[in-house]
Amino acid sequence: MHVRSQEYEPPKEIKRKNWRDGLDHIAVALGRHPHEKEALMELDNLRIWLYSLKQTKPDYGLIHYDFQQDNMFWHTSTSQFHIIDFDDAMYHWYAMDIVAALADVLDNKERDSSRQVECFLRGYTAICPLDKQMIEHFPKFLRYSKLYSFSRIKS
């Protein structure tokens, strides 16, 4: 999907949100809850970090953002995966999509979870290169995802 995203040119009349819009949404939601001091500090930290990242074609583009198992279907007759639920799609780093797909595994501190991540990344990087620094940023992308989810609940 990310290989296709690198080539995709959307029609000019279609505008998708991006990570900055996500930060703005978080800020507005948390602005209504000023007592959420930790969340506000997290927003500041994530904002600084995200603005420091480079947006290169191999690392950044249109992502699904909700790439979970319940949004994928395997059709045996065609031997193809079909993806649904693109309403949260946005421009972000591809690593964010990987983190969304692996969120449950990344949150799991058991030894086997790192093996699952390794297997996933081996398959992913066989098709689509992934900068090692992006992998190192997985915990921060996970923090962004959690804060964005939190802000959507608070909205």
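I began with phenylalanine 120 and tyrosine 124, which both lie in helix α5 (residues 111-127), four residues apart, about one turn of the helix. Helices here are DSSP runs of H or I with at least four residues, strands are runs of E with at least two, and both are numbered from the N terminus. I note that this is a predicted model, in which local features need pLDDT of at least 70 and side-chain atom pairs count only at pLDDT 80 or more, while totals for chains, interfaces and linings use all residues. Residues are numbered from 1 along each chain as its sequence is written, and side-chain values use heavy atoms, with hydrogens and water left out.

Next I looked up the aromatic pairs. Rings of Phe, Tyr and Trp (its six-membered ring) pair if their centres lie within 6.5 Å, and planes under 30 degrees apart count as stacked, over 60 as edge-to-face and the rest as tilted. By this rule I have nine aromatic pairs. One of them joins tryptophan 19 and tyrosine 51, edge-to-face, at 4.8 Å centre to centre with 75 degrees between the planes. Tryptophan 19 lies in helix α2 (residues 19-31) and tyrosine 51 in helix α3 (residues 37-52), so this pair ties together parts that are 32 residues apart in sequence.

I then checked accessibility, where buried means under 20% relative accessible area, exposed over 50% and partly exposed in between (1.4 Å probe, protein chains only). Tryptophan 19 is buried at 1%, whereas tyrosine 51 is partly exposed at 47%. Phenylalanine 120 is partly exposed at 30%, and tyrosine 124 counts as buried at 14%.

I also noted one aromatic cluster, formed by Trp19, Trp49, Tyr51, Tyr60, Trp93 and Phe141.

My last entry concerns strands, two of which pair if DSSP finds at least two bridges between them. Strand β1 (residues 17-18) runs parallel to strand β5 (residues 90-93), joined by two bridges, and asparagine 18 stands opposite tyrosine 91 in β5. Strand β2 (residues 60-63) pairs with β5 in the antiparallel sense over four bridges, and here leucine 62 stands opposite tyrosine 91.
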